[in-house]
Amino acid sequence: MGLRVENLRVYYRTMRGDVKALDGATFEVADGEIMGLAGESGCGKSTLSKSLIRLDSRMKLVAGSVELDGKMLPLTDHEAMNKYRFAEVSLIPQYAMSALNPTRKIGKMIAELVRSRGFSYRVLLPELERRLALVGLSPDVLNNYPIELSGGMKQRTVMVLSTLLDPSLLIADEVTSALDVSTQRAVAETLVQFRDRGFVKSMIVVTHDLSLVYQIADTIMVMYAGKLAEKAPADKVVKEPRHPYTRLLISSLPEVGVRYAERRLVGIPGRPPGLLDPPSGCRFRDRCPLAFDKCAEEPPFVEVERGHEVACWKAM
Amino acid sequence: MLTLEAISKVYKVGAFGGRELTAVQEVSFAVGPGEVVSLIGESGSGKSTIGRMVLRLASVTKGRIVFDGTDVSRHTGARLKAYRKKVQGVFQDPFSSYNPIFKADRVLHMIRDSFFPGVSASQWRTKLEESLDAVRLDPGQVLGKYPHQLSGGQLQRLLIARALLLDIELLVADEIISMLDASTRIDVLNLLAELKERGLGILFITHDLSLGHYLSDRSVILRRGEVVEIGPTTEVFANPKHDYTKMLLASVPQLHRKWDMA
Ligand SMILES: Nc1ncnc2c1ncn2[C@@H]1O[C@H](COP(=O)(O)OP(=O)(O)OP(=O)(O)O)[C@@H](O)[C@H]1O
Ligand SMILES: Nc1ncnc2c1ncn2[C@@H]1O[C@H](COP(=O)(O)OP(=O)(O)O)[C@@H](O)[C@H]1O
Ligand code: SF4
Ligand SMILES: [Mg+2]
Ligand SMILES: [Mg+2]
């Protein structure tokens with residue numbers, strides 16, 4: 001049944017007003033789907049991720065709803081959400097690796113987390129060890145402090161922990177961005193393996209690295225300035241993107257083979273708008289090479305062909 | 001300009017420093033003015049340790065670091081400060097370079113205090129704006145903010161701007177791109193390329209070969225503290241000799257080819 005997000009708006013309350021970090025997102029993630037979520041820094045990827053798990057005190061739900069496997073998630077009710085967090089929907093936060101408590105052994109930390117959710121560590125331990133072995137880790141890591149593990153080992157430990165209760169949805173926020181290429185590949189392949197083994201049904205893999213997420217994702221969703229720009233099967237997004245922003249994003253990627261001296265790649269001129277008081281109409285308008293009069297009106301996020309949604313007047 | 005002559009780094013590890021760990025072993029290479037040299041290897045291969053030795057943030061166990069004809073590997077005090085005016089570094093994790101209780105732009109003001117005490121407020125302001133502009137930061141959006149109010153990309157660009165405030169000859173860039181998103185990445189890479197054209201030497205530390213390939217003149221491939229391959233970037237990439245280099249190349253995610261997964 002998967003995830004259905006309907007017109008989700010989540011703002012940050014600040015002294016100067018609301019930061020409209022997520023401003024109306026409607027999309028679905030099907031069972032078995034790995035969806036890559038990409039976009040420039042600050043476009044709202046982490047805000048979307050956090051919204052599905054825990055709204056912190058500065059975040060406010062302005063509108064919208066989230067349905068997981070047919071049940072509405074009680075997003076604003078912290079107590080009621082406890083039942084779903086970790087068990088049904090699990091998040092590996094951005095910078096999770098550096099957030100591990102350095103004074104706690106890994107095993108002890110996992111035990112505390114599991115117990116706080118009302119499960120027995122002793123009962124779960126054999127499965128925990130089996131899964132650690134599956135990702136190439138010895139049960140000894142449970143006796144290690146976080147600093148004693150390499151980045152890749154830490155990240156795999158966090159992945160095993162986050163999926164221990166077989167959640168329906170796993171959100172992995174930038175889990176590979178601090179790793180080297182060979183470790184990145186191992187971690188990315190582990191994500192696929194977790195889906196294939198049924199540890200999780202579906203996944204949102206948040207990243208700014210389109211080339212990486214392309215390797216493992218079934219679909220890719222691109223965000224821009226708090227809005228959805230495009231969602232389609234991964235191959236479509238990479239080979240036939242329809243949104244001008246997606247096109248520019250893809251053409252700015254350095255691939256092995258491209259050299260500055262021979263072909264200078266270009267970034268996207270300009271900056272994304274501030275989200276405290278975002279412009280009306282299409283938010284990409286002042287950077288878009290195709291902008292025309294109509295773009296003063298906000299383009300809806302609509303299906304342009306089966307499974308391919310775009311928010312752009314030129315793409316309809 | 002910069003020549004590393006068989007430098008090694010041995011760390012004392014374990015309880016009471018009883019064991020030794022050789023993080024870098026007899027590494028030699030050079031970086032000339034206007035040259036970008038990529039230092040490429042897996043995590044733990046010793047890249048950052050080399051970068052930190054060049055910046056003199058870590059001591060050099062053995063070997064010499066020669067800069068403009070002088071061995072700087074044992075410099076201290078005023079001579080070290082003079083060296084740092086010409087050689088600066090930017091690192092991967094932008095967060096660790098900031099103290100969360102101070103505003104982020106403190107890192108810029110500290111440069112003024114220690115290197116430009118005589119510069120007037122308006123001259124300083126112009127200098128600041130130039131370097132922020134070079135890294136495409138809007139002063140209004142970043143000045144006066146605390147680190148937690150800025151994104152990783154913004155913090156990283158602020159640190160590059162900080163290095164640019166000094167008229168440096170060599171920049172050590174340690175994985176500065178990996179936390180940035182695609183379009184910012186290419187801007188920062190192009191920025192480095194422009195700085196190179198103006199004569200800056202760059203030691204570009206990365207695990208991402210596509211980034212190294214895009215930018216650098218020469219590449220040094222590092223494995224467990226030792227150089228396994230070194231040469232002009234185009235050659236290393238077109239015709240990698242060492243299996244390790246080949247493995248690194250095969251791991252790079254690319255848009256025109258998917259990994260074949262077991
Ligand atoms: N606590 C906060 N208070 C106010 N604004 C915030 C807060 N956290 C995030 N924002 C703002 O919300 C917007 C979206 O931030 P978010 O962290 O979701 O971006 P992101 O897409 O995950 O970026 P990155 O790629 O850098 O991780 C940004 O404009 C950011 O500055
Ligand atoms: N301060 C330190 N004390 C002890 N060992 C260290 C220290 N810094 C790095 N090392 C070790 O030196 C080796 C090389 O590390 P590093 O230079 O950080 O590699 P890289 O930057 O290539 O990932 C690793 O085995 C690492 O654990
Ligand atoms: S709606 Fe207009 S401004 Fe927005 S992306 Fe499409 S063409 Fe560009
Ligand atoms: Mg984020
Ligand atoms: Mg390093």
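Predicted model: local features only at pLDDT ≥ 70, side-chain atom pairs only at ≥ 80, totals over all residues.
Residues are numbered from 1 along each chain as its sequence is written, and side-chain values use heavy atoms, with hydrogens and water left out.

**Exercise 1.** State how chain B is divided and how far apart the C-alpha centres of its domains lie.

*Solution.* Begin with the bounds, which come from an automatic or database domain assignment: domain 1 of chain B comprises 1–86 + 170–180 + 194–251, and domain 2 comprises 94–167. Then take the C-alpha centres of these two domains of chain B, which lie 26 Å apart. The contact (heavy atoms within 4.5 Å) takes eight residues from domain 1 of chain B and ten from domain 2 of chain B.

**Exercise 2.** Describe the area buried between the two domains of chain B and the residues that supply it on the side of domain 1.

*Solution.* Buried area is the accessible area (1.4 Å probe) that two parts lose on being put together, summed over both; here it is about 840 Å², with carbon and sulfur atoms giving 76%. Next, on the side of domain 1 of chain B, Lys85(B), Ile176(B) and Leu180(B) supply 49% of the area buried against domain 2 of chain B, more than any other three residues.

Definitions and conventions
Chains lettered and ligands numbered in written order.
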